Amino acid sequence: MRRLVAHPLFWPLAALALLLVANGLFNPGFLALQWRDGHLYGNLVDIANRAAPLALVSLGMTMVIAVRGLDISVGAVLAIAATVAAWTIARLQAGGAGGLLPLFAAIGAALGAAALCGLWNGLLVVKAGMQPIVATLILMVAGRGLAQLISDGQILTIYYAPYAFLGNGFLFGVPFALFVVAAVFTALQLLLGRTALGLFVRAIGHNPLAAHMAGVRARAITPALYVFCGASAGLAGLLVSSNVASADANNAGQMLELDAILAVALGGSALTGGRFSLAGSLIGALIIQALTTTIYSIGVPSQVNLVVKALLVATVLLLQAPRFHLQMQALLRRASLLRRAPAKQP
Amino acid sequence: MSTAAAAATLRMRMARRARDPAALSLAATIALFVLMSLIGGVLYDGFLAPQVFLNLLIDNAFLLVIAVGMTFVILTGGIDLSVGAVVAFTTVLLASLVERHGWHPLAAMLLALAAGTCFGTVMGLMIQRYRLQPFVVTLAGMFLARGAATLISVDSIGINHGFQTALAGLRLPVIGAASLSIGAVAALVVVVVGAVVARGTQFGRTVYAIGGSEHSAALMGLPVSSTLVRVYALSGFCAALAGVLYSVYTLSGYSLHATGLELDAIAAVVIGGTLLTGGSGQVLGTLFGVLVLGLIQTLIAFDGTLSSWWTRIVIGALLLLFCLLQRLLVRRK
Amino acid sequence: MSAEVLRAEGLGKRFGATVALDGAGLTLRAGEIHALMGQNGAGKSTLIKLLTGVESPDVGQIVLDGRVIAPATPLQAQHEGISTVYQEVNLCPNLSVAENLYAGRYPRHRWSGLIDRTKMRADARALLAGLHLQIDVDQLLGSYPVAVQQMVAIARALGVSARVLILDEPTSSLDQNEVRELFAVMRRLREGGMAILFVTHFLDQVYAVSDRITVLRNGAPVGEYLTAELPQSALVMAMVGREVATSVAREQTHAAPSDAPFVLEARGLALRGALEPIDLGVRAGEVLGLGGLLGSGRTEFARLLFGLDRADAGELRVAGEAVELHDPADAIALGLALCPEERKTEGIVAGLSVRENIVLALQARSGWWRALSPARQQALAREFVALLGIKALDIETPVGALSGGNQQKVVLARWLATTPRLLILDEPTRGIDIAARQEIMNEILRLARQGMAVLFISAELEELTRLSDRIVVLRDRRKAGELPAGSDGGQVLELIAGNT
């Protein structure tokens, strides 16, 4: 039992389970899964599906935070990718292209643009030596402007059936988006586990100077992680725009950076770098989505969501703070002393 | 002292000052402002009219107030992402109290100011006591304030109270027919008070000292911990005051007011020459930072053919420019 | 004899298992400059931390003007009248000189309560004039050279009416002229009746300015001497210990072939402000000792060899070929290895396990794509844990949980795992216990016998003479001389002290 509790994923999983079970108690049908028309339906599937874009971004954010970085431009990058995809499809369709060409061109263009955004961030951090929050602030401010420049300020609607599959399609009865998340997660997990990348990332995050002196080339690894973060936001942009069959440069991915950071923190990664958990971040994203769904389903005004998230962040932060630990320990000790003290008196 | 010697001293002093990154940055901002004004004057008729420039202040009064608070936060090396949300919360609180609960606007304003200050204080305590990163704490604050605003009211509430509309209509004549709104006057007062506090009080100087070296500041016997908390309280107060001005300006309260305003405030502070790493910058610079941001919008409005999104792109580009400039200046030192 | 101002008696302090200070004491008198001398790890910095309230003593007391004081913070110590000026000036570089002098006790306008800048400026000028320093007090402190900043720090200490002024390594980053000016100020303060404690590692400076010397060794007091009555060689002897001067050279000379090829050769290698041009070569199978006091350029040299800093003159050859190193990774690819002096910040990655720390450099060299198999990693880790006697629960224990000696062994293991051609050891035995020290030294000798070249940097003569085939001594960022195998501690001492 003690070992179970000590596992880093215990608390995030427990929180998620608690949320789902509580929902199940209030609303007996909540946990039910149905097989209809060859598709799996149910609230759980819904939560996972809706969490997919956030999950992807959280994976990227986890890697950046692991090397003591931060990317607050992910929301803007998502909007750029979505717009680029929609624009590419419209352009190719206007040119008379048919079949699957527009689909692959859109995916390629959107991911390319998003990766470029990540590279820009990475170079500002590593080459120009800016603080990550400042470096990515620039793209956060300008990014939506760039997206609007591409879309000419319009919400681009996508009239192209194959593209809808990304965000709405089912594969083996399960939403396709879940396969995308699973694929990225597995690939990343393998990359980190099977190559030495995981070791290097943790070494840089824990002690950049010692890693440098041991020959780890952080100046090459760090930009690559920003590129990955950008690309994962781009992938999320594809899912989002496909899901609603449009790209809104102004509102797509609004506040996403905050949710992603929250997911990383909820998943048990240290916001100061070094210690990270990809699975934890996925669970964090699921918690956030489950929370949103819960609030909708129990009929509380959806605005409570923000307040709950805020309190969650505050709690997680305090639990991670060493000083808070010390204070709590001192309090507990004093409490136990007080309890014992009367017993000592004759 | 002979004139020659005096001139030499002056030259030396100016040479030294030229090496001061803060002064250089401020000079660059003012030069940018003048240059943009001149370009506007050449390109568009009626651009150099006094009212155009007074409108910069009128339309950006709330941004200016927030940016002054943000300047202090950034001078300590911190950041406050909650200010936009606090503005929204304040407008909703005011509108709700006045329109739905029959409060006098003045009383509601005082309460809102107190609420904003308390809110900032709590965030400051979390940052100072538990050594939490400012950006995450104030991020949580942003969620909380927006959430609280929507809890009070999801829909926009119009304010029709006579006092409030009277405030909104008040104009202070400046030159000829040109005039300033009450909000703009308040913002200018905030700038002046901010500049005096930053330069002439122990609190202000401690803010700078913390930004230079928190460790040294503590060794010099400066009240580091209380100053850190008070900086966030000040920023909370400024955000609430900006919310009050916003509600006078728009005569409404809405939880989606001022989204992304914190980014504009940070951009204004940086473009105004304050170092994001803390310790160097001036409140006066922030005034010009806000004016530059306003001028970009005015230029785009005067042009009429440029789309609004160019504002964001230009602000982003300026941000990049000034960040790189700061890196260069710091490195050269 | 002048009046006693401060007396510290029987101060003891331990950090965990290490005894940093054991019964140390010191007496400062009004109008005297008192030098505190000792090797690295002798306890100087701990003693100063106790006097200035950074740490509290476990035992012993500090008496100031006949009153026992126990400062808990540097600020309290300042209020008691003990001011300290550190090598890295503890002021705010982004504030003006005047503000740095008056921060926390600003003169105020009578009516507004605002800071009276006019008065502050005038006061600052007057205060600095007392030190014969004429500078623009409105300028940012950071725009002045370190020497001026130090003067300002001293002026601030005087401004808070200090009784005792502690100068901790104030001359390390000053040039000759600046040192002279600092001494002039110190003498003036002495005439004014100030008690000054001067900590430095430059022997000539001690003789130039101090009246009295207290020497510490291994945390314990060796003695208090009048400077005028203590010859320089006797001072060095007191610092390093009498026995080493007669310590014999290395017992088991394995006769390093003096015609073996150079693994690494520096020709006129230099970096402005850190190292004057230096010629030095290390042969295969040789342990080359590099001696010298702190600040003599030892660590700076190692950093150049390892690509951490870029030399601005001269040439570096590895295995006969001229190379340019931009990054430690380049040096590692060439078969170099460096055990850094700062174990905690530059050596271990505390959050990673023993295994991960050991394989880190080898893995970094083979590239991110070709990961060592888990089996290989475990085998490597086990091999070195056994070889060096690393005491850890298992190889998955975080290194941060190990003792200092074991952490040092992990760093050593990391480099041995790369089977380097040249191993640079910068103070590898600093702060670790005797048993671990012995084990590390034995391993170094064994590897040298197998053909590895070793550059062994140490301030401890005993170690240096016992391990090295050849000893090069640095002094004042220059090569002071070279000694063959079989030299004894006394000869090294003479070179270090510059008695030639």
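Here come some notes on the model, followed by the questions and answers.

This is a predicted model, so to speak of local features we need pLDDT of at least 70, side-chain atom pairs count only at pLDDT 80 or more, and totals for chains, interfaces and linings use all residues. Residues are numbered from 1 along each chain as its sequence is written, while chains are lettered from A and ligands numbered from 1 in the order in which they are written.

Q: How many helices and strands does chain B have?
A: Helices here are DSSP runs of H or I with at least four residues, strands are runs of E with at least two, and both are numbered from the N terminus. On that basis, the secondary structure of chain B comes to 15 helices and four strands.

Q: Which radius of gyration does chain B have, for its 333 residues?
A: The radius is taken over C-alpha atoms, and the globule rule is 2.2 Å times the number of residues to the power 0.38. For chain B the rule gives 20 Å, and the model's value is close to that, so the chain is as compact as a globular protein of that length. The radius of gyration of chain B is 21 Å.

Q: What percentage of the residues in chain B is buried?
A: A residue counts as buried if 20 or more other C-beta atoms lie within 10 Å of its own, as exposed if 12 or fewer do, and as partly exposed in between, with C-beta atoms placed from the backbone. For the 333 residues of chain B, the buried part is 55%.

Q: What share of the contacts in chain B with a separation of 6 or more is between residues 24 or more positions apart?
A: Two residues are in contact if their C-beta atoms, placed from the backbone, lie within 7 Å. Residues 24 or more positions apart make up this share of those chain B contacts: 78%.

Q: How many residues of chain B are in contact with chain A?
A: On the chain A side, 34 residues take part. The elements of chain B that give two or more residues are α7 (134-152), α13 (261-271) and α15 (309-332). Ala, Val, Leu, Ile, Met, Phe, Trp, Tyr, Cys and Pro count as nonpolar, Asp, Glu, Lys and Arg as charged, and the others, Gly among them, as polar; by class, chain B's side has 25 nonpolar, five polar and five charged residues. The number of chain B residues in contact with chain A is 35.

Q: Which element gives the most to the side of chain C that touches chain A?
A: This contact takes 23 residues from chain C and 21 residues from chain A. Elements α11 (328-333), α12 (343-347) and α13 (354-366) of chain C each supply at least two residues, and the chain C side divides into 15 nonpolar, four polar and four charged. With six residues, the top contributor is α13(C).

Q: Which strands stand at the edges of the open sheet of six strands in chain C?
A: Two strands pair if DSSP finds at least two bridges between them. The order is β6-β7-β8-β3-β9-β10 in chain C, and the pairing is mixed. Each edge strand has a single partner, so one side of each is left without a neighbour in the sheet. The edge strands are β6 (82-85) and β10 (220-226) of chain C.

Q: What is the bridge partner of Ala35(C) in β9(C)?
A: Strands β3 (residues 32-37) and β9 (residues 212-217) of chain C run parallel and are joined by four bridges. Within β9(C), Ala35(C) is partnered by Ile213(C).

Q: Which residue of β19(C) is the bridge partner of Gly291(C)?
A: Gly291(C) is in β13 (residues 287-291) of chain C, where five of five residues are buried. Four bridges join β13(C) to β18 (residues 453-457) of chain C, in parallel, and four join β13(C) to β19 (residues 470-475) of chain C, also in parallel. In β19(C), the partner of Gly291(C) is Val473(C).
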